[in-house]
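I opened this entry to keep track of what I looked up, in the order I looked it up. The structure goes in first and my notes follow.

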Amino acid sequence: MTEYLTDYMNTVTERLDNCTEQKELSAILSEHMDKIAFMQHERIVHFLVTMLFAVVLAIFIVGMLLTDNIMLLVLVTIIIVLLAFYIKHYYFLENTVQKMYKVYDRILKMQEDLK
């Protein structure tokens with residue numbers, strides 16, 4: 001997903017840099033709106049999964065503190081590592097969607113200028 005989004009953002013920026021016609025700009029806007037909707041959905045799903053992992057981590061930490069089971073320490077460690085990767089990916093999604101909003105604003109401004 002990271003590579004896909006990075007490639008898309010590079011492509012749409014390049015297309016906007018070379019865009020001179022209103023019709024082409026409308027096509028870019030339509031595609032961009034679809035991508036924003038997809039990425040917003042992706043962002044929500046990753047947020048929910050990240051929160052689920054955080055809750056599971058909290059439950060296992062409490063379980064580890066209340067018992068002397070060493071296996072819970074292993075599980076807590078694994079969940080912390082997974083949670084770190086989920087947070088990193090969610091951070092990327094959040095920042096990229098915000099960049100997509102800026103590209104959207106740029107498209108709207110370009111439409112005003114081409115009129």
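**Notebook: a look along the chain**

I began with N95, and I found this residue in helix α3. I noted that the model is a predicted one.

**Entry: the overall form**

I looked up the elements next. The protein has three helices and zero strands, and along the sequence the pattern reads α-α-α. I wrote down the box that the C-alpha atoms fill along the principal axes, which is roughly 70 × 20 × 15 Å. The radius of gyration is 21 Å, whereas a compact globule of 115 residues would come near 13 Å. I also checked burial: 27% of the 115 residues are buried. Of the contacts with a separation of 6 or more, 77% are between residues 24 or more positions apart.

**Entry: helix α3**

I went back to α3 for its length. This helix has 45 residues and spans 66 Å from its first C-alpha to its last, close to the 66 Å expected at 1.5 Å a residue. Which residue caps the N-terminal end of α3? I found N69 there, with a side-chain oxygen 2.9 Å from the backbone nitrogen of M71.

F92 is also in helix α3. Leaving out residues up to four places away in sequence, F92 touches T2, L5 and T6. I checked F92 against R43 as well: they are 49 residues apart in sequence, and 9.5 Å separates their C-alpha atoms.

**Entry: the nonpolar core**

I looked for buried nonpolar residues, having read that in soluble globular proteins nonpolar side chains tend to be buried together. How many residues does the largest nonpolar core have? I recorded 17, and L16, M100 and I107 are those with the most contacts inside it. The elements that give two or more residues to this core are α1 (2–18), α2 (22–66) and α3 (70–114). The largest share, six residues, comes from α3.

With neighbours within four places in sequence set aside, M100 is in contact with L5, Y8, M9, H32, K35, I36 and M39.

**Entry: aromatic pairs**

I counted two aromatic pairs. In one of them, the ring centres of F47 and Y90 are 5.7 Å apart and the planes stand at 45°, so I call the pair tilted. F47 lies in helix α2 and Y90 in helix α3, so this pair ties together parts that are 43 residues apart in sequence. I looked up how open these residues are. F47 has a relative accessible area of 37% and is partly exposed. Y90 is partly exposed too, at 22% relative accessibility.

F53 and Y86 form a pair with ring centres 4.9 Å apart and planes at 35°, so this pair is tilted as well. It links distant parts of the chain, with F53 in helix α2 and Y86 in helix α3, 33 residues apart. I checked Y86 and found it partly exposed, with a relative accessible area of 25%.

Terms used
Residues are numbered from 1 along each chain as its sequence is written. This is a predicted model: local features need pLDDT of at least 70, side-chain atom pairs count only at pLDDT 80 or more; totals for chains, interfaces and linings use all residues. Side-chain values use heavy atoms; hydrogens and water are left out. A nonpolar core is a set of buried Ala, Val, Leu, Ile, Met, Phe, Trp, Tyr and Cys residues joined through side-chain atoms within 4.5 Å. Buried means under 20% relative accessible area, exposed over 50%, partly exposed in between (1.4 Å probe, protein chains only). Helices (H or I, at least four residues) and strands (E, at least two) are DSSP runs, numbered from the N terminus. Contact means heavy atoms within 4.5 Å. The expected span of a helix is 1.5 Å times one less than its number of residues. A polar contact is a pair of N or O atoms within 3.5 Å; within protein, one must be able to donate a hydrogen and the other to accept it, and residues adjacent in sequence count only if both atoms are side-chain atoms. Rings of Phe, Tyr and Trp (its six-membered ring) pair if their centres lie within 6.5 Å; planes under 30 degrees apart count as stacked, over 60 as edge-to-face and the rest as tilted. The radius of gyration is taken over C-alpha atoms; the globule rule is 2.2 Å times the number of residues to the power 0.38.
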